[in-house]
Amino acid sequence: MNPRLMMRTLTLAPFLLATLFLAAAPLEAQGRRGDGDVRQRIDTTFAFDRGGEVDLSLVSGEIIVTGGASNQIRIVATTERGRLVTSFGRTHVSIEARSVDNRLGDTRYELTVPRGTRVTAHAVSGDIRVHGTGAAVEVHSVSGDISVRDASDRLEVGTVSGDLTVARASGRLQFESVSGDMMAEELTGDLTIETISGEMTLRRSTLAGIRASSMSGDLEYDGPFSPTGTYRFNSHSGNVEFGLPANAGATLQLETFSGRIASDFPLTLQPGQTAGRRNRRMEFTLGTGGTRISAETFSGNITIRRLPARGNQE
Amino acid sequence: MTHSLTLDQSASQFGAVPLDDVALAAQGDRRAFERIYRSHVDRVFSVCARMVGDRARAEELTQDVFVRAWDKLATFRGESQFSTWLHRLAVNVILNDREAEGRRRARHDDGVEDMDTISYGDVRALPVPGLSLDLERAIATLPPGARKVFVLHDVEGYTHEEIGSMLGVTSGGCKAQLHRARMLLRRMLTQ
Amino acid sequence: MTRDHLDHDVADESHRASCAECTAVWTELEGISAQAARLPLLTPSRDLWAGIETRLARHGMTDLSASVAPRPAASRWLARPAVRLAVAASLLVAVSAGITWTYAKSSAPQASATGRSIEELGGNRAAVTTVVQPASLDETVATMDHEIAALRLLLDERRERLDPRTVSVLEANMQLIDKAIAESKAALEADPSSRFLAAQYARAYASKITLLRDVATIPAGT
């Protein structure tokens, strides 16, 4: 049986008769939809193209998407109250939880998708986990926690107060939080990361460029830095700390109003620069230059650690 | 600070309503309001039909829009063209209608949009392999989020920022949705 | 070429400069967009006026001009979120340029006085040169404060629809930003020629507007 037809049958079984009357019938003649108090569940599996997309949104609950080797998609979606509005196709799946009579209960989506599937997921207080899809991911949650592993091409994550954990992502990366902490490792590509008060920790990443911005959150990056990359760290009161290998070639611009600058590398002020009580600004070059790093804070401290020399900085 | 913003990109293609009709209707003159209706119904219906992908529901929504416009007429003070004001009101009604959906008598195909079927118009048909969809039908088969963004941006001319604030997404997310919509349409139109 | 590659790279202008295939796809997408803009108006299958009139009759013939009190000018303007948000975004560029321009004017003129802010906030030079006007800092700040007040009203309107814990997180972070603004401002007043401090001050203001703008687009909870 055509898998799409089978899938439609599973999800539309209660409405199969209704689908025969598709002409614009007088609205008064149509029956009421199912009671909004009934728990709704969808459980279906069908063929799904690699490179397809899923678009999921709910208010509270959980979204879990896992990439796998199969060329089928498995969808299990439940909602305690409210209604799931779905669109299922071979290249695109969307599921949205909508309130009925202004009520929407806990909702859960668990999907297994072919690797290469692009995922978009939005939640208000739901947690979101997207692992192993190996393709573009876009995830936003207001207060839920977000975990993404193994995304590529593009990763866009936003949260207000949830925590963000990312491992193995490449391409164009964009992380934003208001107060949620962000912890990421094994990133490659270009990263823009912004927070007001969350902590930002980036480990074991080879990023070609970073734009990091914070009000009070601390930023920690342990490199490495690309010889041709540009890295900008800015915060108001958050501390900025990064590590450079002993044989690094970099041009550094550091400036802080009242923060402390501490470095394992000798800092020599350029002629004409001042290190008075106000505005401490330093520009200096390590090795033969190359990497451009700027770190600016109002009152946060700037700390540069010396890491063991690397054979190849890239 | 003088920075001009093109907020009225949704300006209509037809003539403005005589402002005295708006003033008259605001005072309860239903004849004047009917003239307003006749001048604007196609415009309102077009955005409803394309946003929801369903003509019958769009007709209901069009009526909702005009009823709401009647209620709100007194608040129109001429800061923009009347057509712009009405258009925005229509978009609000369409977007807010999602909340009320559960209370409506349900349509069997409410929200269920199988990518392989054409739900636009009165007839649902499975596509014949190799048949090209024209753009109007292709838009109707887009997933809801992508369709709304595409209609608001490419058909109706709102900016990403405006759409972002209407739909509750970032303008970056909106751009991504738009690109996705266009790529999907391209795929459908060249099959 | 995989679809993923196409989707990602087609939208990337710098990639298209060297990829004929993606350029071709992009041209097709532009064609679709142009076609969409030319779509004709649609007409309902029937005259909807009768149904509308019936519902209006149920509303009763009210003299609307008397029953709805006119709102004051400021709040009518505020009633359009898209206006506020778009203005806030444009102010980010305008304001920071205004600040540095003002301070550069008061000290020795510097060729790249506005260059840094443009770079910092990603604005473009064309936008800056059209909006920078001889404005005192007070005027610039007043404009920003007015915008922030407008956005705050929007937050107030939405407050009840948001989770209280989220509201409290937003309020706490707003206070944090306000503190940063106050500190930067005080430092800048003591050292008006500092472009660095001007940029920090502008950045703090921009954070506030950005946060408020994001609040406006947070989806409501149940």
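The model is predicted: local features need pLDDT of at least 70, side-chain atom pairs count only at pLDDT 80 or more, and totals for chains, interfaces and linings use all residues. Residues are numbered from 1 along each chain as its sequence is written, while chains are lettered from A and ligands numbered from 1 in the order in which they are written.

**Exercise 1.** Determine which residues lie on each face of strand 8 of chain A, and whether they are buried or exposed.

*Solution.* Strands (E, at least two residues) and helices (H or I, at least four) are DSSP runs numbered from the N terminus. A residue is buried if 20 or more other C-beta atoms, placed from the backbone, lie within 10 Å of its own, exposed if 12 or fewer, and partly exposed in between. In a regular strand, side chains alternate between the two faces of the sheet. One side carries Arg118(A), Thr120(A) and His122(A), the other Val119(A), Ala121(A) and Ala123(A), and all are buried.

**Exercise 2.** Identify the strands joined to strand 8 of chain A.

*Solution.* Strands pair if DSSP finds at least two bridges between them. Strand 2 (residues 53-58) runs parallel to strand 8, with six bridges; here Asp55(A) partners Thr120(A). Strand 10 (residues 137-141) is also parallel to strand 8, through five bridges, and its His140(A) stands opposite His122(A).

**Exercise 3.** State how many residues of helix 12 of chain C are buried.

*Solution.* The helix comprises residues 195-217. Of its 23 residues, 20 are buried, so the helix is largely enclosed by the rest of the structure.

Terms used. Expected span 1.5 Å × (residues − 1).
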